[in-house]
Amino acid sequence: MNHKLSIDEYDALEQISKLPKNVKPNACIGRNTKRLSGIKLVTYRKDGSLELTEMGRQVLFIKQCIDGLRAISKNCDAPLSGPVATFLGKKGHIEVNPETGKTEISVRGRECLADIDANTKSN
């Protein structure tokens, strides 16, 4: 799971996750399908359409969590999807401020983002 993905590849994963069956993929998906299937993030169904593999769903969820954490660190009113908010809350990366009632990034969340940023810059 240590594959570096481009913004375009993440976008293709997101689009594939929402792609209805029997709908022709757009150009973004077409450009990225070969690599994404090669690293086993997407697979072809028997009918020839694309779907995310379990690993593809995990990669996409991790990206959504990181993006959500970044959004909350900049704006406590940033919306988070239910699964992302639940995951980040259970892991202690976000917390509700008892005074304002708004979601805030915790110390642990800030440390996690700093670690992610440090690893991204060193690679």
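Modeller: What follows is a set of questions about the terms used for this chain, each answered from a value and its cut-off.

Biologist: What is the overall make-up of the chain, and which order do its elements follow?

Modeller: The model is a predicted one, and its chain comprises 5 helices and 4 strands, which run α-α-β-β-α-α-β-β-α from the N terminus on. Along the principal axes, the C-alpha atoms fill a box of roughly 55 × 35 × 20 Å. Of the 123 residues, 29% count as buried, and residues 24 or more positions apart account for 41% of the contacts that have a separation of 6 or more.

Biologist: Why is Glu9 called buried?

Modeller: The term buried applies under 20% relative accessible area, and Glu9 has a relative accessible area of 8%, so Glu9 is buried. This residue lies in helix H1, and, not counting residues up to four places away in sequence, Glu9 touches Lys4, Asn32, Arg35 and Leu36.

Biologist: How do you know that H1 is roughly perpendicular to H2?

Modeller: The axes of H1 and H2 come within 9 Å and cross at roughly 100°. Angles of 65 to 115 degrees count as roughly perpendicular, and that makes H1 roughly perpendicular to H2. On the H1 side the contact is made by Asp8, Glu9, Asp11, Ala12, Leu13, Gln15 and Ile16, and on the H2 side by Cys28, Ile29, Arg31, Asn32, Arg35 and Leu36.

Biologist: What makes one side of H2 its buried side?

Modeller: In helix H2, residues 27-38, the buried residues are Cys28, Ile29, Asn32, Thr33 and Leu36. They cover an arc of only 150° around the axis, and therefore lie on the same side of H2. An α-helix has 3.6 residues a turn, so residues three or four places apart point the same way. The face turned away from the buried side of H2 carries the exposed residues Ala27, Gly30, Arg31, Lys34 and Gly38. Among the elements that cover the buried residues of H2 are helix H1 (7-18), strand S1 (42-44) and strand S2 (50-52).

Biologist: What makes Asn26 a cap of H2?

Modeller: A side-chain oxygen of Asn26 lies 3.2 Å from the backbone nitrogen of Cys28, to be set against a limit of 3.5 Å for a polar contact, and Asn26 caps the N-terminal end of H2 in this way.

Biologist: Why is Lys40 called exposed, and what is its phi?

Modeller: Exposed means over 50% relative accessible area, and Lys40 has 57%, so Lys40 is exposed. Lys40 lies in the loop between H2 and S1, and has a positive phi of about 65° although it is not a glycine.

Biologist: Why are H1 and H3 described as roughly perpendicular to each other?

Modeller: H1 and helix H3, residues 54-74, pack at an angle of about 110° with their axes 10 Å apart. The range for roughly perpendicular is 65 to 115 degrees, and H1 and H3 are therefore roughly perpendicular to each other. The crossing of these two helices, H1 and H3, is left-handed. Tyr10, Leu13, Glu14 and Ser17 in H1 meet Val59, Leu60, Lys63 and Gln64 in H3.

Biologist: What makes the pairing of Asp77 with Lys102 a polar contact?

Modeller: The side chains of Asp77 and Lys102 make a polar contact at 3.3 Å, where the cut-off is 3.5 Å. Asp77 lies in the loop between H3 and helix H4 (82-90), and its C-alpha atom is separated by 7.2 Å from that of Thr103, 26 residues apart along the chain.

Biologist: Finally, why is Ser106 called buried?

Modeller: With a relative accessible area of 4%, Ser106 is buried, since the term requires a value under 20%. Ser106 lies in the loop between strand S4 (103-105) and helix H5 (107-122), and, leaving aside neighbours within four places in sequence, Ser106 is in contact with Gly92, His93, Ile94 and Glu95.

Technical notes
Residues are numbered from 1 along each chain as its sequence is written. This is a predicted model: local features need pLDDT of at least 70, side-chain atom pairs count only at pLDDT 80 or more; totals for chains, interfaces and linings use all residues. Side-chain values use heavy atoms; hydrogens and water are left out. Buried means under 20% relative accessible area, exposed over 50%, partly exposed in between (1.4 Å probe, protein chains only). The arc is that of the directions from the helix axis to the C-beta atoms. Contact means heavy atoms within 4.5 Å. A polar contact is a pair of N or O atoms within 3.5 Å; within protein, one must be able to donate a hydrogen and the other to accept it, and residues adjacent in sequence count only if both atoms are side-chain atoms. Axes are lines fitted to C-alpha atoms, for helices over the stretch in contact, and angles run from 0 to 180 degrees between N-to-C directions. Angles under 35 degrees count as roughly parallel, over 145 as roughly antiparallel, 65 to 115 as roughly perpendicular and the rest as oblique. A crossing is left-handed if the near helix is turned anticlockwise from the far one by less than a right angle, and right-handed if clockwise.
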